[in-house]
Amino acid sequence: MGNLSLPSVLNPYPLSFFMKRLAKELLSLKGATQIYPHSIADVDALAGAIVLRGVLKRRGIVSSVHLVDTANRQARQVLEALRIPLPSASPSADADNIILVDVSNPNLLGNLQLAGKRVIAIDHHFHSHHVKGYVHVERGAASTCEAIFSLAKQLGVPLNAKQSALLLAGILSDTAFFAGANADTFPVVAELLKKADYAKTAAFVREEPDLSQKIAVLKAMQRAQYERAGIGIVAWSNAGSFELGAALALVGAGADFAFIANPKEGRISGAKRASAKGNVGRIMERAGRAFAGSGGGHENVGGARGKPEKTAAALAECLHLSKLLLLGNSKIY
Ligand SMILES: [Mn+2]
């Protein structure tokens, strides 16, 4: 197993040299070991941490999982569905070893103290600035849960139904239901599905909005306005809460760009269809200036905040820039 000279037909999961080294590193741990997902743990981080604890236990390494601060709503929902208690936040500082899951950047660890401890980080995000210790970055992996799957293989530990569901949940969450998956993701998922149920797992990863969110989004949609620009549509509305959810709903309903302003709080959230050109984060940087505040985000979602009385001006900037983008003017920011 893990012999790189084996043809891939015999071993569909070629285990890398680095995975072997990681396994060796973990098996050499002595003393008290604590496992931490990153700050505001997501499903990939928390599920990966919990499965790692179980896998290590089977190899005689006892550890505990703790949170740096909290877990996000989706992660709490997944644990609840699988009847796994939510780990406690930062316990006593007397661990000898710290294993970080889905994180290798010291800025995502809250107040966790690493000084004087043996640190092993397992991540799939590459950071030029990472923690001191043994850092394993599964480059190109769509989720850390895929790395944990390979690690279990490397350690010869079979995964049970709950562990398989946890890893599947982490993969579904981090890839946004395979939108961010790659060719290595699917063989892992196929094997996890021998123990985990896809429909059930997918149902508890999918976030159910609560009643107040449903109403806020529907109200924003009732008030929505839209304008055609070139071959696209820009839509906008107001909401008193859940602005991003409302923006995403307008995109789901057909808008290429959607912006939801909250004039009371001085906030705007924006979203765009993946196929539309442009970058919402860049639009929000400009909107932030119009807001006398700040803004930013990613390619498809972003937000800005500033002085409430400048909300209309900031929204106008969002609409102006997104219309220019839809008209094919790509040199606007
Ligand atoms: Mn991740």
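How many bridges pair strand S10 with S11, and in which sense? The two strands, S10 (residues 294-297) and S11, pair over 4 bridges in the antiparallel sense. Strands here, like helices, are DSSP runs numbered from the N terminus (at least two residues of E for a strand, at least four of H or I for a helix), and two strands pair if DSSP finds at least two bridges between them. This is a predicted model, in which local features need pLDDT of at least 70 and side-chain atom pairs count only at pLDDT 80 or more, while totals for chains, interfaces and linings use all residues. Residues are numbered from 1 along each chain as its sequence is written.

To stay with S10 and S11 for a moment, a hairpin of 3 residues links them, and Gly-296 has Gly-303 of S11 as its bridge partner. On to the other pairing of S11: strand S9 (residues 267-272) runs antiparallel to S11 and is joined to it by 5 bridges. Here Arg-267 sits opposite Arg-305 of S11. Strand S11 (residues 301-305) is largely enclosed by the rest of the structure, because 4 of its 5 residues are buried. A residue counts as buried if 20 or more other C-beta atoms lie within 10 Å of its own, as exposed if 12 or fewer do, and as partly exposed in between, with C-beta atoms placed from the backbone.

These strands belong to an open sheet of 6 strands with mixed pairing, ordered S6-S7-S8-S9-S11-S10. Strand S6 (225-229) and S10 are the edge strands, and each pairs on one side only. On average, neighbouring strands of this sheet are turned by 15° against each other, direction ignored. Axes are lines fitted to C-alpha atoms, for helices over the stretch in contact, and angles between N-to-C directions run from 0 to 180 degrees. Elsewhere in the sheet, 5 bridges pair strand S7 (residues 232-238) with strand S8 (residues 257-262) in the parallel sense, and Trp-236 is found opposite Phe-259 of S8. Helix H11 (residues 311-326) packs on this sheet and touches S6, S7, S8, S9 and S11, its direction making about 170° with that of S7. Helix H9 (residues 243-252) lies across S7, S8, S9 and S11, and runs at about 30° to S9. Contact means that the C-beta atoms of two residues, placed from the backbone, lie within 7 Å.

Ala-292 counts as partly exposed because it has 13 C-beta neighbours inside 10 Å. Apart from neighbours within four places in sequence, Ala-292 is in contact with Gly-306, Lys-307 and Lys-310. Ile-233, by comparison, is 59 residues from Ala-292 in sequence and 27 Å from it in space, C-alpha to C-alpha.

Now for the other sheet. Its 5 strands form an open, parallel arrangement in the order S2-S1-S3-S4-S5. Strand S2 (63-65) and strand S5 (134-137) are at the edges with a single partner strand each, so one side of each has no neighbour in the sheet. Neighbouring strands of this sheet are turned by 15° against each other on average, direction ignored. Strand S1 (residues 33-37) runs parallel to S2, with 3 bridges joining them, and Gln-34 has Ser-64 in S2 as its bridge partner. Helix H2 (residues 43-58) packs on the sheet, where it touches S1, S2 and strand S3 (97-101), and its direction makes about 155° with that of S1.

H2 also packs against helix H4 (residues 144-154), at an angle of about 10° and with the axes 9 Å apart. H2 and H4 are therefore roughly parallel (angles under 35 degrees count as roughly parallel, over 145 as roughly antiparallel, 65 to 115 as roughly perpendicular and the rest as oblique). Among the residues making the contact are Val-51 and Leu-52 of H2 and Ile-148 and Leu-151 of H4. By type, the residues of the contact of H2 with H4 divide into 9 nonpolar, 2 polar and 1 charged. Ala, Val, Leu, Ile, Met, Phe, Trp, Tyr, Cys and Pro count as nonpolar, Asp, Glu, Lys and Arg as charged, and the others, Gly among them, as polar.
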